[in-house]
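Subject: Structure handover

Dear colleague,

Please read the notes with the model open beside them.

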Amino acid sequence: MEIKKIGVVHDKNLDKNKSLMVDSVFNAINKKYEAVKIPFDENFFENIKKVDFVFNLSTSGGKEGRQIHIPALLDLLDIPYTGSSACTHTICLDKFITKLILSFYNVPTSRFTHIKENEYIENDLNLNYPLIVKPVREGSALGLTKNSVVWDLESLKREVEKIHKDFKEPVLVEEFIDGIEISCGVIGNDEEIIILPLLEIDFSSLPEGVERFYSYRVKNEIGDKVKYYCPARIDKEIEEKIKRGVKASYKALGLRDYARIDIRVKNDEFYILEVNSLPLLIPSYSDILKMGEKNGLNYDDFILKLLEVAIKRYF
Ligand SMILES: Nc1ncnc2c1ncn2[C@@H]1O[C@H](COP(=O)(O)OP(=O)(O)O)[C@@H](O)[C@H]1O
Ligand SMILES: [Mg+2]
């Protein structure tokens, strides 16, 4: 099938960064195809009929829906689109379910449990302190503060209650991996998966007393103090091990076209923290683009590559 027009589908309300992302993706696609921007608004169903392929950039909507609704609707309308299915996004939005599936496939992830609102907290969770407490369905380090890492039952209970109160959703409690932080970008499908150079996120230059992980304030307020190394400064052996684990996770979760996976490494073992099934593509900002650049892909090349692997999957 010949593709005539590509719709860049995006959320109705965009902040400055997401506007830049939508415009940049639109410009990249326009180099090769005819593109049109389609917001998810009251005219969506009318506008979507005019395109024969979608580049999906919609990441928000509803409290639990987030990036699920556009793939679900496009599937219903039988319009092909970039990225994972609604089912895979649903799995990856929930860190607990993601970890359950990874554990089933023996992909290393730190030991964990799940605590619902009003659920009794056992004195012995059969996990080793320190633990990290986070909302099960958020992203962008929401709900993560210095106090999210706990060393005893009393502070664990306090943090769990706080997350329940602030987010009204279950809490994920997992063993804190005091190690090297790595993020891994993946592009492609099936036998043609490309694992991008690993990105190491180094917190060691943060001011004294600041937590050595991506809490909300580290990510959003003092991000300029965090150092990045791409490729990561780790041994070849562990790098290969991570790449195998990432491939296994991609397959186990049914990821398509592209994704970014967050990892920690300690004592020559890696642990998958979470999977971002629809990472943002904000120029000069998004981590997956930094990894792409190391692989020789500038912004427009990167976007066209994602489109190419998605189109190949359908036709
Ligand atoms: N088990 C863990 N051990 C060590 N650090 C963790 C762990 N879980 C989360 N973190 C830290 O918190 C950050 C955010 O957690 P993550 O699960 O990736 O949530 P988000 O969806 O907000 O990115 C990670 O990048 C990492 O720095
Ligand atoms: Mg993360």
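Predicted model: local features only at pLDDT ≥ 70, side-chain atom pairs only at ≥ 80, totals over all residues.

Residues are numbered from 1 along each chain as its sequence is written, and chains are lettered from A and ligands numbered from 1 in the order in which they are written.

The protein is divided into domain 1 (5-83), domain 2 (111-175) and domain 3 (178-277), with bounds that come from an automatic or database domain assignment. The centres of domain 2 and domain 3, taken over C-alpha atoms, are separated by 22 Å, and their contact (C-beta atoms, placed from the backbone, within 7 Å) takes eight residues from domain 2 and five residues from domain 3.

Around ligand 1 there are 17 residues, of which Gly139, Ile177, Phe213, Tyr214 and Glu274 come nearest; a residue is near if its C-beta atom, placed from the backbone, lies within 6 Å. The elements that give two or more residues to this shell are β12 (257-266) and β13 (269-276), where strands are DSSP runs of E with at least two residues and helices are runs of H or I with at least four, numbered from the N terminus. Domain 2 and domain 3 each supply at least three residues to the shell.

Strand β1 (residues 5-10) is mostly covered, since five of its six residues are buried, a label that requires 20 or more other C-beta atoms within 10 Å of the residue's own, whereas 12 or fewer make a residue exposed and values in between make it partly exposed, with C-beta atoms placed from the backbone. β1 runs parallel to strand β2 (residues 34-39), joined by six bridges, and also pairs in the parallel sense with strand β3 (residues 53-56) over four bridges; pairing requires at least two DSSP bridges.

Finally, some backbone details deserve a look. Cis peptide bonds join Tyr129 to Pro130, with omega about 0 degrees, and Cys230 to Pro231, with omega about 5 degrees. Asn106, in the loop between α5 (95-104) and β4, has a positive phi of about 60 degrees although it is not a glycine, and Asn106 counts as exposed because it has 10 C-beta neighbours inside 10 Å.

Best regards

Key. Contact = placed C-beta atoms within 7 Å.
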